[in-house]
Amino acid sequence: MGGIFNTLISLLIAMTISGSVTTIAEVTPQEATDAFLSELSGGDKQTAMTYMDNKYVNFLENVKGTDEEMDRLEGALFRNFSYEITDCATKNDVAVVKATVRNCDFSGIMDDYQKKSYEFVTENLYSDTVTNKEKLNKKCLDLYIDQIDKTAEGDPSFEKEVFIPMEADGYGGWRIILSDEIMKSVLGELELPTNE
């Protein structure tokens, strides 16, 4: 009798385990895209770490600034960001989601930044802020964030359809294949400062 009881318990445990595995809902490509865009715009660090090979994500996570400066930068970039998922095509373990992203138009940031930084350098040519590389880098970052913040005060005039490719992750979810071009569109055509 004890052997039958043990067998029944083993079967019930096996059924419970297999039942719980099959009741895990698979994430759709649309849900994966929604989660990614929502988490990215909300400053989720885990999402950022997953896509650190993207130059825009890498910049947002690794630019040398204080926590306050980084919060200000991300806050300005995503202040007016919104999106709408409009379509999806799936075949086997690949999918493409079409979404419309809206943001402020940050495409003119570099021109404005270069003018402001040039003005600052020429006005402070002999101060230690200009001759000290660390202080100059900090001031340049401040000027860059100022231009982004100023632009973010306006209306979100940038709108673009983006196509987001992804592949199945093997665990019932999807991994976005995030290109620099997709991130540039999400960030309203933002140009990143270079070391040149």
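Predicted model: local features only at pLDDT ≥ 70, side-chain atom pairs only at ≥ 80, totals over all residues.

Visitor: OK, and what is the secondary structure of the chain?
Guide: The protein chain has nine helices and four strands, and, read from the N terminus, their order is α-α-α-α-α-β-β-α-α-α-β-β-α.

Visitor: How much of the chain is buried?
Guide: Of the 196 residues in the protein chain, 34% are buried.

Visitor: Which residues have the most contacts inside the largest nonpolar core?
Guide: That core has 47 residues, and L73, L77, Y144, I148, V186, L187 and L190 are those with the most contacts inside it. Helix α8, residues 133-152, gives the most to this core, contributing eight residues.

Visitor: What is L187 in contact with, leaving aside its neighbours within four places?
Guide: On that basis, L187 is in contact with Y56, L60, L77, F78, N103 and F106.

Visitor: Switching to α6, which of its residues are buried?
Guide: In α6, the buried ones are I109, M110, Y113, S117 and F120. They lie on the same side of α6, because they cover an arc of only 90 degrees around the axis.

Visitor: And what is exposed on the other side of α6?
Guide: There, K115, Y118 and E123 are exposed. As for its length, α6 covers residues 109-123 and reaches 21 Å from its first C-alpha to its last, close to the 21 Å expected at 1.5 Å a residue.

Definitions and conventions
Residues numbered from 1 in each chain as written. Heavy atoms only, no water. Helix = DSSP H or I, 4+ residues; strand = E, 2+ residues; numbered from the N terminus. Buried < 20%, exposed > 50% of the residue type's maximum accessible area, 1.4 Å probe, protein only. Expected span 1.5 Å × (residues − 1). Arc of directions from axis to C-beta. Core = buried A, V, L, I, M, F, W, Y, C linked by side-chain atoms within 4.5 Å. Contact = heavy atoms within 4.5 Å.
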